[in-house]
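Let's take a walk through this model together, moving from the parts of one chain to the way the chains meet. Keep the 3D view open as you read.

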Amino acid sequence: MQSLTRNLASKIALLPMIIISLTVFVGCIIYSFVYSLTGSKLIPALNYVGFKQYEMLFKSRKWDVAVENIFIYGFVFTIGCLVIGFLLAVLIDQKIRGESLFRTIFLYPYAMSFVVTGLVWKWVLNPTFGFEHSMHLWGFEWFKLDWLVNRELAIYAVCIAAVWQGAGFVMVLMLAGLRGIDDDIWKSLSIEGVPKWKSYLFVILPMIRPMVVTSIVLIAAGVVKVYDLILALTSGGPGFATTTPAMYVMENFFSRANLGQAFAASIIMFISVVCILAPWAYYEFYFRNKEAKA
Amino acid sequence: MKKLISILFSLLLPLSFTSVSKAGGHMEAEVIHWWVSGGEQAAISKFAEAWEDMGGTWIDTAITGGDNARGTTVNRIIGGNPPTAAQFNISKQFVDLVEQGQLQSLEEVASAEGWRDFIYPPELIETCEFEGEFYCVPVNIHSAQWMWINNEVFEKAGVPKPNTVQEFIAVAPKIQEAGFIPLALGGQPWQEGLMFDVVASSTLGFPHMAKLYRDKDVEAFRDGKMEMVLQTYRDLNSFIDEGAPGRLWNDATAMVVEGKAAMQIMGDWARGEFAVAGKEAKVDYDCVIPGKEKYVALGGDVFVFPKNSDPKVKEIQLKMASMMVNPTVQANFNNAKGSLPMRLDVDTSAADACMQMGLDLIQQPSAIMRENDDWNSPAFTSAWEDIISEFRNDPNYSVSAAMDDLEAVLTSGL
């Protein structure tokens, strides 16, 4: 009882948020789960079919491809953004001329919406009128860049477009970190005669760890959300080679009038996110508390 | 005091708006549709003009993309704010809405005006009738069963124009040698599915297709002919350029119009693209219905009228339904749209040579073909399309594996 009245004002202030989380988030999750057990088509209907929707989901070739894609995309996009973003930051950190110009150029893609990025890269990578075509016209007949229409490579074409957009943002974050490094550290490193690449990799990088963690969190949030980029770039094609779980859900929701299937797929998406987040949350809230107490 | 007044005012403000909109609700009709291209806009405006001539107000809610438009309609019905009228395709797309009692029955006006006597072909009545009552208004007929041919390209390649898909495959290598793309395709699942259906129905004939799509007859599916169709479909692949994935249908049509490609398999809405480019039917381009037996598929559009809590709306909806089947309105609308009207007593003197072929054909009941989505839910047709699309794009996807997967969809009960 006492714990309930402690900080009563702040608890009251939090009440709307608590109510919204409970009704909107938890409520919708329960709603989705209940309807994922039904054969709902165009309109939600309570005609229970057990776990048939899940059975169909796991049998679906398309869903398999979607799940595989989100892993490829997540891995390549995260690593790509971090590596390229960090390299760009290091290069800009060399006190070069026209720094602000380059910074603007590298950051600019981030200011664009994913839809625009998708369309631009769709044109650039199109073999019949894009970059490949230009190369042919310039006389390089052997040149081939068919990633976008090659079902094995199309997902990597998506990654290129995404990294192109995201790397600049990581660069800015990392650069802010690099600028925070004290000059004395650089001086002592040069007195010790440590090569530059070694100092960046083994001394500076650990020092800007908070920036790296921030970047990873922001990028990872973008991975789960990816939808508009792929829609604009490939619409999930060729065939369904670049489809993602989010697209699978949206498709079944709207164009396919297959609500039960969409709910089942979104529940599986939810469970997978929880599976990834749970160990981290456990570490943050439980393990850390223990550490602090000890 | 001032604050109190302003609070009161802000509370009253929304009310004042609602009362205004109620007062202005005389024959006011909001229509959701997905006709946004030039020719389509011209067509829908014929409805709007006719409606305004009757003293109504037309609120046009055009939403790009059939999927999006239908999604909006369903969401608004569920959300309790339905439009007056909404577009769907001649298909099973809106069956759920009827079964859930969300649509206004049009039986009053349908029986009063004798719709059952003049709507042609009668298959359209089947689409709209549920338990003896009309729930939708068919407005036009579009057939998917066409090959669009650039005459000049075939002349330059020195090969005869094909009458069947198989004949095309025989001459296509020569077209390729002459430096043209033999077949223009937009590599989106619905276009790949459309092309497959044209190959299948022109090879197997409509009765056999009905056994598959309507009866889900596994024996007919496994009688050895389907493998042949899949093989033919795969053979077409080598005549399609590699830029196809994701291409829009009208961009593919433009390739034929501009003489970059020899042929496209597409519905009769492609004719509009030729017309806009100033090309003349049978002179610059040719239209062929492939196969020994010629069919005209009953694609097209309907309008449905969602139930509304306001009883006045029903009256408006019945008036609009009656307006849409009016022969003069039908003539204006379909001439602008380039589609076939849903009744025979309509003035079609403006029809070009290609449209005339469709008009002649539709008068023979045996030439009328129903399609996958006339019998099956969107869930079924899109699951089917997925496999067809994957089969086209993945050369390692064998015919026998595709057969197994198609059979799984056929028997899935979707």
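The C-alpha centres of domain 1 and domain 2 of chain B are 29 Å apart. Domain 1 of chain B covers 28-141 + 300-364, and domain 2 of chain B covers 147-294 + 376-410; such bounds come from an automatic or database domain assignment. Where they touch, 11 residues from domain 1 of chain B meet 13 residues from domain 2 of chain B, two residues being in contact if their C-beta atoms, placed from the backbone, lie within 7 Å. On the domain 1 side, helix 2 (38-53) and helix 18 (353-362) of chain B are the elements that give two or more residues, and helix 18 of chain B provides the largest share, 5 residues. Helices (H or I, at least four residues) and strands (E, at least two) are DSSP runs, numbered from the N terminus. By class, that side has 4 nonpolar, 5 polar and 2 charged residues; here Ala, Val, Leu, Ile, Met, Phe, Trp, Tyr, Cys and Pro count as nonpolar, Asp, Glu, Lys and Arg as charged, and the others, Gly among them, as polar.

A word on conventions: this is a predicted model, in which local features need pLDDT of at least 70 and side-chain atom pairs count only at pLDDT 80 or more, while totals for chains, interfaces and linings use all residues. Residues are numbered from 1 along each chain as its sequence is written, and chains are lettered from A and ligands numbered from 1 in the order in which they are written.

Now look at chain B as a whole, with its 21 helices and 13 strands.

Chain A has 14 helices and 0 strands. Its radius of gyration is 24 Å, well over the 19 Å that the rule gives for 294 residues, so chain A is more spread out than a compact globule. The C-alpha atoms of chain A fill a box of roughly 70 × 70 × 30 Å along the principal axes.

Finally, how do the chains meet? In the contact between them, 25 residues of chain B face 23 residues of chain A. Helix 20 of chain B makes the largest contribution to the chain B side, 8 residues. That side divides into 6 nonpolar, 11 polar and 8 charged residues.

How values were computed. The radius of gyration is taken over C-alpha atoms; the globule rule is 2.2 Å times the number of residues to the power 0.38.
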